[in-house]
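Dear colleague,

My notes on a sheet and on a chain interface follow it.

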Amino acid sequence: MRCAILAGLAILVTGSTLDGAAAFAASAEKGKAAFVRHGCWQCHGFQGQGGIAGPKLAPDPIAIEAFTAFVRTTNRAMPPYMEAVLSNEELADIHAYLQSIPKPADYKSIPLLNQ
Amino acid sequence: MHVAVAETATPKELPRIGGVAGSDFMVDVIKTLDIKYLPSNPASSFRALHESLIDYGGNKMPEFLTCTHEESAVGMAHGYFKAAGKPLMTLVHGTVGLQHATMAIYNAWCDRAPMIVVGGNDLDAAHRPPGVPTFHSAQDINAIVRDYTKWDDTPVSLQHFAQSFVRAYKIATTPPYGPVAISLDAGLQQEPITENGEKLYIPRYVPTSPPQGDTGAVKEAARLLANAQNPVIVVDRAARTENGVRLIVQLAEALQASVVDQGGRMNFPTTHYLRRSPTAVNNADVITGMELSDYWGSVNAYIDNGEHGIGVNTSKIRPGTKLISISSVDLNTKSNYQDFQRFQTIDVQMAADAEATLPALIEAVKAAIPGDRKAAIEKRGEAAKKAFAEAAERTRQAAALAWDASPVSTARLVMETFAQIKDLDWSLVSSSGNVSNWPRRLWPMEKHYRWLGASGGYGVGYGAPASVGAALANRDLGRFSISIQSDGDLMYAPGVLWTAARHGIPLLAVMHNNRGYHQEVMHVQRLSNFRNRVASLGKDMGPIGTSIQNPDIEYHKLAESMGWWAKGPIKDPSELAPALKQAVAAVNSGQPALLNVWTQPR
């Protein structure tokens with residue numbers, strides 16, 4: 001819900017920017033590199049799995065509009081990334097990378113998680 | 001004096017020392033107390049006591065353990081206490097050695113770990129040798145640790161030493177526990193006993209009872225808890241012993257109250273249905289905090305993302321929530337080095353030891369529960385069981401994320417490790433770095449020694465020596481010790497690896513090697529973002545100055561060179577199980593073992 005509210009707010013404020021981010025032909029491969037280059041891995045892990053420092057981002061990332069709005073305007077624990085730091089193209093690529101991450105196995109099928 | 005000759009190159013004939021050495025009497029004093037080991041790095045300023053300990057005292061009770069850094073010696077004493085429940089002493093050179101030891105003493109202070117730190121010092125300026133021994137003397141060596149020790153003294157006679165040492169032991173081991181320091185004059189150690197007509201005696205040690213909460217305050221706390229709709233118990237270093245765990249369980253079950261264990265110790269079983277995450281305070285109407293380092297932080301949040309680079313404070317709790325505190329640290333506050341956080345107004349505050357107060361509080365709660373509340377309390381317990389089961393499912397599914405990733409996910413790291421040790425009487429002696437709390441989220445911890453807590457003062461460099469110290473205690477108690485060892489922590493004073501091998505201390509160290517000072521990585525990234533600048537990475541993965549790569553450190557080779565069984569680097573999670581099997585076998589044979597595992601950041 002919070003992301004949705006933020007997304008709506010951001011569209012009002014920076015609608016053209018969001019349109020721009022969503023409009024790129026995104027590359028998951030480039031996104032993986034940008035995910036590392038811009039430090040997303042630091043809190044979310046190399047596969048966006050999340051942890052104590054940051055929530056899970058993948059699989060099934062939130063929609064690109066909400067994702068972009070949050071990255072640009074967050075006032076929560078994560079500092080915002082402005083366009084001067086992280087371009088719309090890179091942001092779209094990162095989203096594509098997160099979308100490319102497959103679902104994990106059900107924990108019930110992993111013996112070590114059923115000890 | 002021999003050291004003076006060597007260090008000043010001014011040789012001269014010195015008379016032999018006659019009579020009974022003062023330091024022999026000091027050994028007699030030390031032996032009356034239950035101090036099993038003495039981890040230390042040798043130094044000239046305590047050479048007389050050192051000689052008496054190993055020759056007159058037979059190197060038993062205490063046994064001298066050779067350390068390569070004073071920080072390691074203190075860290076070992078810190079970890080040893082948390083596993084054994086008994087303090088150690090250490091000897092340090094009064095100036096440079098004590099300076100090396102300070103950070104570890106600060107950790108022990110913040111973590112309520114008792115120990116006796118004895119610093120050798122040549123007080124008499126007219127008597128001490130010139131040159132290095134004089135440079136290495138000071139008027140008041142204890143000054144640099146006075147802000148984070150419970151007590152210190154400078155005995156000027158042997159009888160004074162006997163009183164000081166027994167007093168030091170007594171003060172250190174009375175809750176709130178903490179380190180104490182004694183400045184020990186080199187002349188007093190070295191000179192023969194001259195009793196001047198008075199016979200030296202050793203005071204008898206009798207433990208002091210811990211402080212218990214005021215009866216009226218206990219009753220008021222019980223009244224609030226018994227009538228609460230949603231009471232929550234928050235614990236940090238509340239359980240000093242196994243009995244403390246039992247008492248917290250009794251209190252929680254009497255109220256069917258949620259328990260948030262902040263993990264300063266193993267306070268509450270991870271398998272108990274009343275265990276909750278820190279968000280449990282959000283809907284509480286009465287919160288009892290026991291031995292919390294940071295009450296403010298337990299009920300408030302700070303978001304490091306405000307306007308103009310200043311963070312934002314918010315409350316986590318509902319207005320009107322009643323707050324109760326039982327903490328012995330209220331009796332132990334100092335002015336300079338602060339060991340408390342922001343000021344939090346508390347409704348019922350007891351300056352008392354939580355474990356000592358719990359029996360009275362439990363009885364008072366049972367007496368205060370109104371007859372018509374009992375059904376509601378029982379219902380609360382049923383809801384808690386359902387919520388606990390659901391949370392456990394969510395946690396396990398979260399652990400499945402990135403399960404096959406390389407570098408290895410921290411969840412995979414800890415569960416592969418657990419698979420190899422679960423049938424042993426294991427003790428997780430340290431988890432330095434940050435593995436997203438997976439052990440405390442996924443491992444069944446029901447005994448006090450299953451988890452020993454962290455550094456206390458956030459001084460990096462605690463993990464390796466504290467693990468070795470705790471493993472020493474566990475060796476004698478027949479337990480299997482595991483540490484999750486971070487890379488940054490190990491590099492502060494890796495020489496403690498040699499101490500473990502030298503003294504036959506078995507320990508399984510599984511490395512959480514994320515190749516960086518990860519706690520600091522995001523701080524720099526955050527500031528770059530606030531300032532709208534791209535963080536400079538140089539040739540590393542994290543902002544310049546926060547990575548430990550290029551070259552990557554081969555920790556397994558480092559450990560192997562100091563007598564450990566070691567293997568690595570392991571980057572593929574499928575290689576973990578066979579390597580862990582070998583490592584466990586090595587530890588079971590009495591050897592310390594280290595696995596260098598490349599991991600995800602957290």
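In these notes, two strands pair if DSSP finds at least two bridges between them; helices (H or I, at least four residues) and strands (E, at least two) are DSSP runs, numbered from the N terminus. This is a predicted model, in which local features need pLDDT of at least 70 and side-chain atom pairs count only at pLDDT 80 or more, while totals for chains, interfaces and linings use all residues. Residues are numbered from 1 along each chain as its sequence is written, and chains are lettered from A and ligands numbered from 1 in the order in which they are written.

Chain B contains an open sheet of 4 strands, paired in parallel in the order β3-β4-β6-β5. Its edges are β3 (89-93) and β5 (151-153) of chain B, each of which pairs on one side only. From one strand to the next, the twist averages 20 degrees (axes are lines fitted to C-alpha atoms, for helices over the stretch in contact, and angles run from 0 to 180 degrees between N-to-C directions). β3(B) is joined to the parallel strand β4 (residues 115-121) of chain B by 5 bridges, and B:T90 stands opposite B:V117 in β4(B).

Helix α7 (residues 158-172) of chain B lies across β4, β5 and β6 (179-185) of chain B, and runs at about 165 degrees to β6(B).

As for the interface, 36 residues of chain B are in contact with 30 residues of chain A (contact requires C-beta atoms, placed from the backbone, to lie within 7 Å). On the side of chain B that touches chain A, the largest share, 6 residues, comes from α19(B).

Yours sincerely

Notes. Contact = placed C-beta atoms within 7 Å.
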